Amino acid sequence: MREIVILSGKGGTGKTSLMGAFSHLASNFVACDLDVDAPDLHMLLHPVNEATQDFFSGHEAIIDPGRCTGCGLCADSCRFQAVDAAGAVFSVNPLMCEGCKVCVTFCPEGAIAFPERRCGNWHIAATRFGPLVHAQLFPGSENSGKLVALLRQKSREIAGSRDLELILCDGPPGIGCPVISSLSGATLAVLITEPTPSGVHDLKRVAALCRHFKMPAAVIINKSDLNLGVSNEIRSWCLHEGWTLAGEIPYDPAVTQAMVHGQALTEYLPSSAPVRIAVQNAWKRIESMGHDPKAV
Amino acid sequence: MILSVASGKGGTGKTTVSAALAWAWKAPLDLMDLDVEAPNLHLFLDPEIEACEKAHLEIPTVDASRCTHCQMCSKLCQFKAISDMGRTLLIFPEMCHGCGGCLAVCPEKALKPGLRELGEVCWGQAGEQGFFMGRLRVGEAMSPPLMREVKARWKRSGQTQKRDLIIDAPPGTSCPAVNAVMDSDVICLVTEPTPFGLYDLKLAVEAFRPLGIPMGVVVNRYGVGDAAVFDFCSQAGLPVLAKIPFSRSLAQAYANGRVLTRAEPALVPLFRDLADQLQRMGRQAKEVPGDA
Amino acid sequence: MKSIAVSAEGPSMDDPVDPRFGRAAGFLLVDPDTLATEYIDNGASQARAQGAGIQAAETLARAGVQVVLTGFVGPKAFAALSGAGIQVVQNLDGLTVRQAVEKFKNNAVTPSSAPNSPGGRN
């Protein structure tokens, strides 16, 4: 079973639009949206949820006002400034609570409860392209590394039980915990960049992460004709660093129109459109790599 | 006053807007890049960096000769950063959130404070404006502690009462984004008029509303996509403070790393006006502290 | 006599070796002489956001295991197993539990001195 994760480091490079197109082009696969902070893929795939469950992660401290004597030990011991000591009794600001249990341990009155924290929902859904595993964290919720691990596990279960040979993941932005969690155990990372100073900067950071985890990666330059000089720079950097360049996609405002119409760009654009052709070629390249990264 | 420039999703032009606002701001100003996973503001402002300092998180180290394997620390740790293996007490520094619980709970004083590198805090000058940024170490998973260090560095400048601050916040609506904006006087949400943009804007509004900080919206790439974002703003009572028109030449200016107001003089009045509106909103919020 | 644990996808000797250590479905404890077995479910590790490998190592240490036969072990789990004095044999994925145990009994395996996975490979 292959597992391809699409990453970008920086947001807004067109990662989800390409993921939508790849979902249209791929066959015999399960799609998985790991961008759980701002999951957008559903706006292209229009999933119908078949199963929904709550997601819990970590715990949170809650002070019982009836038992709090206002001694202040909790506020003193909290390193996250999460204890609000404005009134006669104390309270915990859930936005700042790290769930470390220190206040619970040191409260002399035993006045602090420590229940599991409900952080969001996850779903198994059907789409016109195949099954989709996706989720939504509650706004402001704790980081999402565990949810990423859970969604990948569910995707693998579905791939196993329905005999699908590919898991295609829309990865989270950045290079933090959710991204690390999305890379673990994958077969190939696809790095989407654009020819802008921040695009290059973030490409290098996310590529460094792939190298750190010994993950094979392919690079796609999106909107490549917006700055030919920087696109050239990325091309020679890929060559120098030994990353495969899987494709260069020209800029076309019609890609936004495809999004407005809720379609994958390969569905919406005519088959002669250069963007569509470039995306199809990039996907062919990636598909061959996903089978055996060393072959390309 | 403190202004945070935020967005539900990345790539909406948040950093571009921050840079243009810095250019248009009339009062003394400092700038802070808290998008520590992917800091980019310096690429637009080209500040002169005066110094960089490594930032650390306090983590435990073990004095094996004192450890009696009572397991109080490993049972308290919620993050599996300490594991008692019978003969050995193991510490996994990268798992530690720095809560200090193990150091406080150990009855034998067998745990001593040590440090894990989070990344670096850099500061300097961009013209007349002070510049502060954090850059997360590659492989480091936690950004809020580094963001706290960047804010602490700004506070140590001693100028916080005399100067305004613009924070370029990390994108998204999770814990780091909320951490970045939580002590602001006003939040400027940058979005684009597309279904993705609107959906992420809704999430950001939901995430930030409990903070009670006044918010305004900037619609970038106005002209692409559709009008649904304006309907949402009027229903949610969010003022649309500016509409930045879309053009291929602006997209190219951005690709070349140029501040928009320099690339497109026609945008100068737009950003002047945006800066004035945000300053007014921020000062009002500061005067009515009950509201903030 | 040594007590062996094999990361396993199921509770029988003919189930495949689970390539993951930390997030293995479970562990089969095997007496290499009598081939008597006992199955330990690894659900507690799988439920963790982070630290699954460390949790699994703790479980095996408490069970008195001396050797682990498995596929991939990350650096944190490897450190935890070493700290507990447990020998690690990696790269046995693709075999059944029975085949892995036979290989071990025939001295056809080498204990590892370093983790073979970049970590978080779970």
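C122(B) is buried, with a relative accessible area of 4%; buried here is under 20% relative accessible area, exposed is over 50% and partly exposed falls in between, using a 1.4 Å probe and protein chains only. C52(B), by contrast, is partly exposed, with a relative accessible area of 41%. Bear in mind that this is a predicted model, where local features need pLDDT of at least 70 and side-chain atom pairs count only at pLDDT 80 or more, while totals for chains, interfaces and linings use all residues. As for bookkeeping, residues are numbered from 1 along each chain as its sequence is written, chains are lettered from A and ligands numbered from 1 in the order in which they are written, and side-chain values use heavy atoms, with hydrogens and water left out.

The link is right-handed, with 110 degrees about the S-S bond. It ties together distant parts of the chain: C52(B) sits in strand β3 (residues 48-62) of chain B and C122(B) in strand β6 (residues 111-126) of chain B, 70 residues apart. Strands here are DSSP E runs of at least two residues, helices are H or I runs of at least four, and both are numbered from the N terminus.

## Cysteines without a partner

C210(A) is in no disulfide, and its nearest cysteine sulfur, that of C238(A), is 12 Å away. C210(A) is buried, at a relative accessible area of 0%.

C99(B) is in no disulfide either; here the nearest cysteine sulfur belongs to C100(A), 4.1 Å away. At 12% relative accessibility, C99(B) counts as buried.

Chain A splits into domain 1 (2-56 + 120-295) and domain 2 (61-114), going by an automatic or database domain assignment. Their C-alpha centres lie 41 Å apart.

Now to helix α8 (residues 228-241) of chain A. Which residues of α8(A) are buried? They are V230(A), S231(A), I234(A), W237(A) and C238(A). Because they cover an arc of only 120 degrees around the axis, they sit on the same side of α8(A); that arc is taken over the directions from the helix axis to the C-beta atoms. The face turned away from this buried side carries the exposed residues L228(A), L239(A) and H240(A).

The buried residues of α8(A) pack against β11 (188-193), α7 (197-212), β12 (217-221) and β13 (244-248) of chain A. N227(A) caps the N-terminal end, with a side-chain oxygen 3.1 Å from the backbone nitrogen of G229(A). Just after the helix, G242(A) takes a positive phi of about 80 degrees.

D18(C) lies in the loop between β1 (4-8) and β2 (26-30) of chain C. A polar atom of its side chain lies 3.0 Å from the backbone nitrogen of A25(C). Beyond its neighbours within four places in sequence, D18(C) is in contact (heavy atoms within 4.5 Å) with residues including S7(C), E9(C), R23(C) and T70(C).

Helix α4 (residues 97-105) of chain C has V97(C), A100(C), V101(C) and F104(C) as its buried residues. They cover an arc of only 95 degrees around the axis, so they fall on the same side of α4(C). These residues pack against β1, β2 and β4 (67-69) of chain C. Just after α4(C), N107(C) takes a positive phi of about 55 degrees.

A180(B) is found in helix α6 (residues 175-181) of chain B and is buried, with a relative accessible area of 0%. Setting aside neighbours within four places in sequence, its contacts include S4(B), L34(B), M147(B) and I167(B).

G225(B) lies in the loop between β10 (215-222) and α8 (228-236) of chain B, and is partly exposed at a relative accessible area of 22%. Leaving aside neighbours within four places in sequence, G225(B) is in contact with T256(A), Q257(A), V260(A), P193(B) and T194(B). F196(B) is 29 residues away from G225(B) in sequence and 9.9 Å away in space, C-alpha to C-alpha.

Technical notes: Polar contact = N/O pair within 3.5 Å; in protein donor to acceptor, adjacent residues only side chain to side chain. Disulfide = S-S within 2.5 Å.
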